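User: Can you walk me through this model? Start with the terms, then go to the residues.

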Amino acid sequence: MTQHLQDTVTLQGGVRIPRLGLGVFQVEDGEGLVQAVKAAIRYGYRSIDTAAVYANERGVGQAVKEALAENALAREELFITSKVWNADLGYEETLAAYEASLEKLGLEYLDLYLIHWPVQGKYKEAWRALEALYKAGRVKAIGVSNFQIHHLEELMLDAEVLPMVNQVELHPYLSQQPLRSFAKSRGIQIEAWAPLMQGQLLDQPVLKEIAASHGKSVAQIILRWDLQHGIVTIPKSTKEQRIIENASLYDFELSRADMERIDSLNRDQRTGPDPDNFDF
Ligand code: NDP
(Lines give C-alpha, C1' and ligand atoms only; values in the text may rest on other atoms or scores of the structure.)
Protein backbone atom coordinates (compact mmCIF):
# COMPACT_ATOMS: atom_id res chain seq x y z
CA MET A 1 0.00 0.00 0.00
CA THR A 2 1.22 3.41 -0.86
CA GLN A 3 1.78 5.58 2.20
CA HIS A 4 3.76 8.54 1.07
CA LEU A 5 4.02 11.06 -1.77
CA GLN A 6 7.51 9.82 -2.60
CA ASP A 7 6.60 6.13 -2.74
CA THR A 8 7.78 4.46 -5.93
CA VAL A 9 7.08 1.40 -8.01
CA THR A 10 9.95 -0.51 -9.59
CA LEU A 11 9.89 -0.81 -13.36
CA GLN A 12 11.31 -3.65 -15.44
CA GLY A 13 15.01 -2.91 -15.49
CA GLY A 14 14.99 -1.79 -11.86
CA VAL A 15 14.31 1.95 -12.12
CA ARG A 16 11.91 3.33 -9.52
CA ILE A 17 9.16 5.67 -10.69
CA PRO A 18 7.23 7.81 -8.19
CA ARG A 19 3.61 6.73 -7.99
CA LEU A 20 2.45 10.33 -8.22
CA GLY A 21 3.83 13.12 -10.37
CA LEU A 22 2.88 16.50 -11.81
CA GLY A 23 1.67 16.79 -15.41
CA VAL A 24 2.23 19.99 -17.39
CA PHE A 25 0.16 19.51 -20.57
CA GLN A 26 -1.36 22.79 -21.81
CA VAL A 27 0.78 24.85 -19.47
CA GLU A 28 2.38 27.70 -21.35
CA ASP A 29 6.12 28.00 -20.97
CA GLY A 30 6.94 30.88 -18.64
CA GLU A 31 6.87 32.06 -15.06
CA GLY A 32 3.55 30.38 -14.15
CA LEU A 33 4.88 27.02 -15.25
CA VAL A 34 8.17 27.53 -13.42
CA GLN A 35 6.34 28.46 -10.22
CA ALA A 36 3.96 25.47 -10.46
CA VAL A 37 6.77 22.95 -10.95
CA LYS A 38 8.80 24.53 -8.14
CA ALA A 39 5.79 24.48 -5.81
CA ALA A 40 5.26 20.80 -6.54
CA ILE A 41 8.87 19.87 -5.84
CA ARG A 42 8.93 22.03 -2.72
CA TYR A 43 5.86 20.23 -1.48
CA GLY A 44 7.45 16.84 -2.12
CA TYR A 45 6.57 15.80 -5.67
CA ARG A 46 9.56 14.10 -7.28
CA SER A 47 8.17 13.35 -10.74
CA ILE A 48 7.38 15.77 -13.58
CA ASP A 49 5.77 14.74 -16.87
CA THR A 50 6.37 16.88 -19.96
CA ALA A 51 6.67 16.27 -23.71
CA ALA A 52 8.38 17.92 -26.65
CA VAL A 53 5.01 18.88 -28.11
CA TYR A 54 3.98 20.73 -24.91
CA ALA A 55 6.60 23.34 -25.86
CA ASN A 56 7.45 23.92 -22.21
CA GLU A 57 10.58 21.83 -21.69
CA ARG A 58 12.69 24.96 -21.18
CA GLY A 59 10.50 26.15 -18.33
CA VAL A 60 10.42 22.69 -16.76
CA GLY A 61 14.21 22.61 -16.99
CA GLN A 62 14.54 26.01 -15.38
CA ALA A 63 12.19 25.02 -12.56
CA VAL A 64 14.09 21.78 -12.00
CA LYS A 65 17.41 23.59 -11.85
CA GLU A 66 16.12 26.15 -9.36
CA ALA A 67 14.28 23.54 -7.29
CA LEU A 68 17.39 21.36 -6.99
CA ALA A 69 19.34 24.29 -5.58
CA GLU A 70 16.60 25.63 -3.34
CA ASN A 71 15.65 22.27 -1.84
CA ALA A 72 19.19 20.85 -1.68
CA LEU A 73 18.18 17.93 -3.85
CA ALA A 74 20.37 15.85 -6.14
CA ARG A 75 19.30 15.31 -9.75
CA GLU A 76 18.94 11.59 -9.01
CA GLU A 77 16.15 12.38 -6.55
CA LEU A 78 13.91 13.68 -9.34
CA PHE A 79 12.17 11.70 -12.06
CA ILE A 80 11.76 13.59 -15.33
CA THR A 81 9.72 12.23 -18.23
CA SER A 82 9.47 13.55 -21.77
CA LYS A 83 8.08 12.15 -25.02
CA VAL A 84 9.09 12.04 -28.66
CA TRP A 85 6.50 13.72 -30.89
CA ASN A 86 4.95 12.05 -33.93
CA ALA A 87 6.85 14.18 -36.45
CA ASP A 88 10.12 12.86 -35.02
CA LEU A 89 9.37 9.14 -35.15
CA GLY A 90 12.18 7.34 -36.98
CA TYR A 91 15.56 6.02 -35.90
CA GLU A 92 17.79 9.04 -36.52
CA GLU A 93 14.93 11.50 -35.99
CA THR A 94 14.12 10.08 -32.58
CA LEU A 95 17.76 10.09 -31.48
CA ALA A 96 17.93 13.76 -32.50
CA ALA A 97 14.63 14.53 -30.75
CA TYR A 98 16.02 13.07 -27.52
CA GLU A 99 19.04 15.35 -27.72
CA ALA A 100 16.80 18.33 -28.44
CA SER A 101 14.65 17.60 -25.39
CA LEU A 102 17.71 17.22 -23.18
CA GLU A 103 19.09 20.50 -24.46
CA LYS A 104 15.85 22.34 -23.74
CA LEU A 105 15.52 20.78 -20.32
CA GLY A 106 19.19 21.44 -19.55
CA LEU A 107 19.57 17.85 -18.36
CA GLU A 108 22.17 15.14 -18.93
CA TYR A 109 19.59 12.36 -19.01
CA LEU A 110 15.88 11.65 -18.69
CA ASP A 111 14.42 9.16 -16.26
CA LEU A 112 11.77 8.10 -18.74
CA TYR A 113 11.40 8.71 -22.46
CA LEU A 114 8.17 7.72 -24.18
CA ILE A 115 6.86 7.34 -27.72
CA HIS A 116 3.95 9.78 -27.48
CA TRP A 117 1.50 8.16 -29.96
CA PRO A 118 1.50 4.84 -31.86
CA VAL A 119 1.78 6.21 -35.41
CA GLN A 120 1.40 3.17 -37.67
CA GLY A 121 4.49 2.27 -39.62
CA LYS A 122 6.70 4.56 -37.56
CA TYR A 123 6.78 3.54 -33.95
CA LYS A 124 8.96 0.47 -34.40
CA GLU A 125 11.89 2.46 -35.81
CA ALA A 126 11.46 4.98 -33.00
CA TRP A 127 11.52 2.12 -30.51
CA ARG A 128 14.87 0.97 -31.91
CA ALA A 129 16.19 4.44 -31.13
CA LEU A 130 14.85 4.30 -27.58
CA GLU A 131 16.45 0.88 -27.14
CA ALA A 132 19.78 2.28 -28.35
CA LEU A 133 19.56 5.21 -25.92
CA TYR A 134 18.69 2.82 -23.11
CA LYS A 135 21.48 0.36 -23.90
CA ALA A 136 23.96 3.22 -24.07
CA GLY A 137 22.89 4.35 -20.60
CA ARG A 138 21.62 7.70 -21.90
CA VAL A 139 18.11 7.25 -20.47
CA LYS A 140 17.09 5.41 -17.30
CA ALA A 141 13.86 3.88 -18.59
CA ILE A 142 11.88 3.75 -21.85
CA GLY A 143 8.25 3.25 -22.66
CA VAL A 144 5.28 4.16 -24.79
CA SER A 145 2.10 6.18 -24.57
CA ASN A 146 -1.37 5.68 -25.99
CA PHE A 147 -0.59 2.11 -27.03
CA GLN A 148 -3.47 -0.33 -27.23
CA ILE A 149 -2.92 -4.04 -26.65
CA HIS A 150 -2.40 -4.71 -30.35
CA HIS A 151 0.21 -1.94 -30.60
CA LEU A 152 2.09 -3.44 -27.65
CA GLU A 153 1.92 -6.90 -29.19
CA GLU A 154 3.22 -5.58 -32.49
CA LEU A 155 6.03 -3.66 -30.81
CA MET A 156 7.08 -6.61 -28.68
CA LEU A 157 7.30 -8.95 -31.68
CA ASP A 158 10.83 -7.77 -32.35
CA ALA A 159 11.69 -5.53 -29.43
CA GLU A 160 14.91 -6.29 -27.60
CA VAL A 161 13.93 -4.21 -24.61
CA LEU A 162 10.29 -4.37 -23.53
CA PRO A 163 8.44 -1.13 -22.85
CA MET A 164 8.58 -0.41 -19.14
CA VAL A 165 5.64 2.01 -19.06
CA ASN A 166 2.49 2.63 -21.09
CA GLN A 167 1.02 6.06 -20.32
CA VAL A 168 -2.64 6.15 -21.36
CA GLU A 169 -5.84 8.07 -20.74
CA LEU A 170 -7.30 6.45 -17.63
CA HIS A 171 -9.92 7.61 -15.14
CA PRO A 172 -13.14 6.21 -13.66
CA TYR A 173 -15.02 6.67 -16.98
CA LEU A 174 -12.22 4.89 -18.90
CA SER A 175 -10.77 2.35 -16.53
CA GLN A 176 -8.86 0.42 -19.22
CA GLN A 177 -9.29 -2.93 -17.49
CA PRO A 178 -8.30 -5.15 -20.46
CA LEU A 179 -5.19 -3.06 -21.13
CA ARG A 180 -4.30 -3.08 -17.43
CA SER A 181 -4.58 -6.87 -17.27
CA PHE A 182 -2.47 -7.27 -20.40
CA ALA A 183 0.16 -4.84 -19.14
CA LYS A 184 0.31 -6.58 -15.79
CA SER A 185 0.92 -9.93 -17.46
CA ARG A 186 3.87 -8.44 -19.38
CA GLY A 187 5.36 -6.41 -16.54
CA ILE A 188 4.46 -3.07 -18.15
CA GLN A 189 3.56 -0.32 -15.68
CA ILE A 190 0.40 1.61 -16.53
CA GLU A 191 0.51 5.37 -16.00
CA ALA A 192 -2.74 7.36 -16.11
CA TRP A 193 -2.99 10.61 -18.06
CA ALA A 194 -6.03 12.85 -17.56
CA PRO A 195 -6.67 11.05 -14.26
CA LEU A 196 -9.28 13.73 -13.46
CA MET A 197 -10.70 13.47 -16.99
CA GLN A 198 -9.39 17.02 -17.38
CA GLY A 199 -11.76 18.21 -14.68
CA GLN A 200 -14.92 16.61 -16.08
CA LEU A 201 -15.44 14.12 -13.24
CA LEU A 202 -15.36 16.55 -10.35
CA ASP A 203 -19.17 16.72 -10.11
CA GLN A 204 -19.79 13.01 -10.67
CA PRO A 205 -22.46 12.08 -8.07
CA VAL A 206 -21.03 8.74 -6.91
CA LEU A 207 -17.56 10.21 -6.58
CA LYS A 208 -19.00 13.18 -4.68
CA GLU A 209 -20.75 10.84 -2.28
CA ILE A 210 -17.60 8.83 -1.62
CA ALA A 211 -15.62 12.06 -1.24
CA ALA A 212 -18.08 13.39 1.33
CA SER A 213 -17.92 10.16 3.31
CA HIS A 214 -14.14 10.55 3.65
CA GLY A 215 -14.10 14.32 4.04
CA LYS A 216 -11.96 14.51 0.88
CA SER A 217 -12.31 16.11 -2.55
CA VAL A 218 -13.38 14.18 -5.66
CA ALA A 219 -9.90 14.73 -7.12
CA GLN A 220 -8.38 13.10 -4.04
CA ILE A 221 -10.78 10.14 -4.27
CA ILE A 222 -9.90 9.50 -7.91
CA LEU A 223 -6.15 9.78 -7.32
CA ARG A 224 -6.35 7.51 -4.29
CA TRP A 225 -8.25 4.98 -6.45
CA ASP A 226 -5.33 5.08 -8.89
CA LEU A 227 -2.80 4.51 -6.14
CA GLN A 228 -4.73 1.63 -4.58
CA HIS A 229 -4.92 0.00 -8.03
CA GLY A 230 -1.15 0.32 -8.48
CA ILE A 231 -1.58 2.85 -11.30
CA VAL A 232 1.05 5.58 -11.54
CA THR A 233 -0.52 8.98 -12.17
CA ILE A 234 0.35 12.57 -13.06
CA PRO A 235 -2.49 15.03 -12.35
CA LYS A 236 -1.97 18.50 -13.76
CA SER A 237 -2.58 21.75 -11.96
CA THR A 238 -0.88 25.11 -12.04
CA LYS A 239 -2.51 26.19 -8.78
CA GLU A 240 -0.45 25.63 -5.67
CA GLN A 241 -3.49 24.78 -3.52
CA ARG A 242 -4.55 22.08 -5.96
CA ILE A 243 -1.00 20.79 -6.41
CA ILE A 244 -0.97 20.25 -2.64
CA GLU A 245 -4.52 18.85 -2.59
CA ASN A 246 -3.69 16.33 -5.32
CA ALA A 247 -0.80 14.99 -3.28
CA SER A 248 -2.64 14.85 0.06
CA LEU A 249 -3.73 11.25 -0.36
CA TYR A 250 -2.03 9.41 2.44
CA ASP A 251 -4.25 9.98 5.49
CA PHE A 252 -7.20 7.90 4.33
CA GLU A 253 -7.99 4.69 2.52
CA LEU A 254 -10.78 3.67 0.16
CA SER A 255 -12.65 0.59 1.28
CA ARG A 256 -13.13 -2.37 -0.99
CA ALA A 257 -16.74 -1.27 -1.49
CA ASP A 258 -15.59 2.25 -2.44
CA MET A 259 -13.11 0.80 -4.93
CA GLU A 260 -15.77 -1.42 -6.49
CA ARG A 261 -18.23 1.45 -6.79
CA ILE A 262 -15.62 3.54 -8.60
CA ASP A 263 -14.66 0.58 -10.81
CA SER A 264 -18.31 0.22 -11.81
CA LEU A 265 -18.43 3.77 -13.23
CA ASN A 266 -16.49 2.76 -16.35
CA ARG A 267 -18.17 3.65 -19.66
CA ASP A 268 -15.14 3.41 -21.96
CA GLN A 269 -15.49 7.16 -22.46
CA ARG A 270 -12.50 9.16 -23.68
CA THR A 271 -11.85 12.86 -23.39
CA GLY A 272 -8.79 12.70 -25.64
CA PRO A 273 -8.09 11.14 -29.07
CA ASP A 274 -8.65 7.48 -29.83
CA PRO A 275 -5.28 5.73 -30.34
CA ASP A 276 -6.85 3.63 -33.10
CA ASN A 277 -8.18 6.61 -35.00
CA PHE A 278 -6.15 9.80 -34.84
CA ASP A 279 -4.78 11.93 -37.63
CA PHE A 280 -1.84 13.87 -36.15
P1 NDP B 1 -6.05 16.09 -15.62
O2 NDP B 1 -7.05 14.99 -15.58
O3 NDP B 1 -4.83 16.02 -14.79
O4 NDP B 1 -6.87 17.41 -15.30
C5 NDP B 1 -6.30 18.66 -15.28
C6 NDP B 1 -7.42 19.70 -15.13
O7 NDP B 1 -8.03 19.54 -13.85
C8 NDP B 1 -6.91 21.10 -15.21
O9 NDP B 1 -7.90 21.87 -15.84
C10 NDP B 1 -6.77 21.52 -13.74
O11 NDP B 1 -6.97 22.91 -13.63
C12 NDP B 1 -7.88 20.74 -13.09
N13 NDP B 1 -7.57 20.30 -11.72
C14 NDP B 1 -6.44 19.71 -11.29
N15 NDP B 1 -6.51 19.41 -9.98
C16 NDP B 1 -7.72 19.83 -9.56
C17 NDP B 1 -8.37 19.80 -8.31
N18 NDP B 1 -7.78 19.28 -7.23
N19 NDP B 1 -9.62 20.34 -8.23
C20 NDP B 1 -10.22 20.87 -9.32
N21 NDP B 1 -9.65 20.91 -10.53
C22 NDP B 1 -8.40 20.41 -10.66
O23 NDP B 1 -5.70 16.30 -17.18
P24 NDP B 1 -4.39 16.38 -18.06
O25 NDP B 1 -4.83 16.24 -19.46
O26 NDP B 1 -3.59 17.58 -17.74
O27 NDP B 1 -3.57 15.07 -17.69
C28 NDP B 1 -2.53 15.03 -16.72
C29 NDP B 1 -1.17 14.95 -17.39
O30 NDP B 1 -1.07 13.79 -18.19
C31 NDP B 1 -0.88 16.07 -18.39
O32 NDP B 1 -0.62 17.30 -17.77
C33 NDP B 1 0.26 15.48 -19.15
O34 NDP B 1 1.46 15.57 -18.40
C35 NDP B 1 -0.21 14.04 -19.29
N36 NDP B 1 -0.94 13.82 -20.55
C37 NDP B 1 -0.39 12.92 -21.44
C38 NDP B 1 -1.00 12.67 -22.63
C39 NDP B 1 -0.40 11.70 -23.56
O40 NDP B 1 -0.83 11.61 -24.72
N41 NDP B 1 0.60 10.95 -23.15
C42 NDP B 1 -2.24 13.37 -23.04
C43 NDP B 1 -2.76 14.26 -22.04
C44 NDP B 1 -2.12 14.44 -20.83
P45 NDP B 1 -5.88 23.93 -12.98
O46 NDP B 1 -4.56 23.74 -13.64
O47 NDP B 1 -6.51 25.26 -13.27
O48 NDP B 1 -5.85 23.60 -11.52
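Analyst: Contact here means heavy atoms within 4.5 Å. This is a predicted model, where local features need pLDDT of at least 70, side-chain atom pairs count only at pLDDT 80 or more, and totals for chains, interfaces and linings use all residues. Residues are numbered from 1 along each chain as its sequence is written, and side-chain values use heavy atoms, with hydrogens and water left out.

User: Which residues is glutamine 167 in contact with, leaving aside its neighbours within four places in sequence?

Analyst: Glutamine 167 is in contact with Asp49, Lys83, Leu114, Val144, Ser145, Asn146, Glu191, Trp193 and Ile234, once neighbours within four places in sequence are left aside.

User: Buried or exposed, that glutamine 167?

Analyst: Glutamine 167 is buried, at a relative accessible area of 2%. Buried means under 20% relative accessible area, exposed over 50%, and partly exposed in between, using a 1.4 Å probe and protein chains only. Glutamine 167 belongs to strand β8, residues 165–169. Strands (E, at least two residues) and helices (H or I, at least four) are DSSP runs, numbered from the N terminus.

User: What joins the side chains of glutamine 167 and aspartate 49?

Analyst: A polar contact of 2.9 Å. That term covers a pair of N or O atoms within 3.5 Å; within protein, one must be able to donate a hydrogen and the other to accept it, and residues adjacent in sequence count only if both atoms are side-chain atoms. The side chain of aspartate 49 also has a polar contact of 2.6 Å with that of lysine 83.

User: Where is aspartate 49 found?

Analyst: In strand β4, residues 47–49. Aspartate 49 counts as buried, with 2% relative accessibility. Not counting residues up to four places away in sequence, aspartate 49 touches residues including Leu22, Tyr54, Thr81 and Ile234.

User: Switching to helices. Why is α8 largely enclosed by the rest of the structure?

Analyst: Eleven of the eleven residues of helix α8 (residues 218–228) are buried, so α8 is largely enclosed by the rest of the structure. Among those buried residues are Arg224, Trp225 and Asp226.

User: What do the buried residues of α8 pack against?

Analyst: They pack against β9 (189–193), α7 (205–214), β10 (232–233), α9 (240–245) and α10 (256–263). Just after α8, glycine 230 has a positive phi of about 75 degrees.

User: And the whole chain: how many helices and strands?

Analyst: The protein chain has ten helices and ten strands. Buried residues make up 56% of its 280 residues. The C-alpha trace spans about 55 × 45 × 35 Å along its principal axes.
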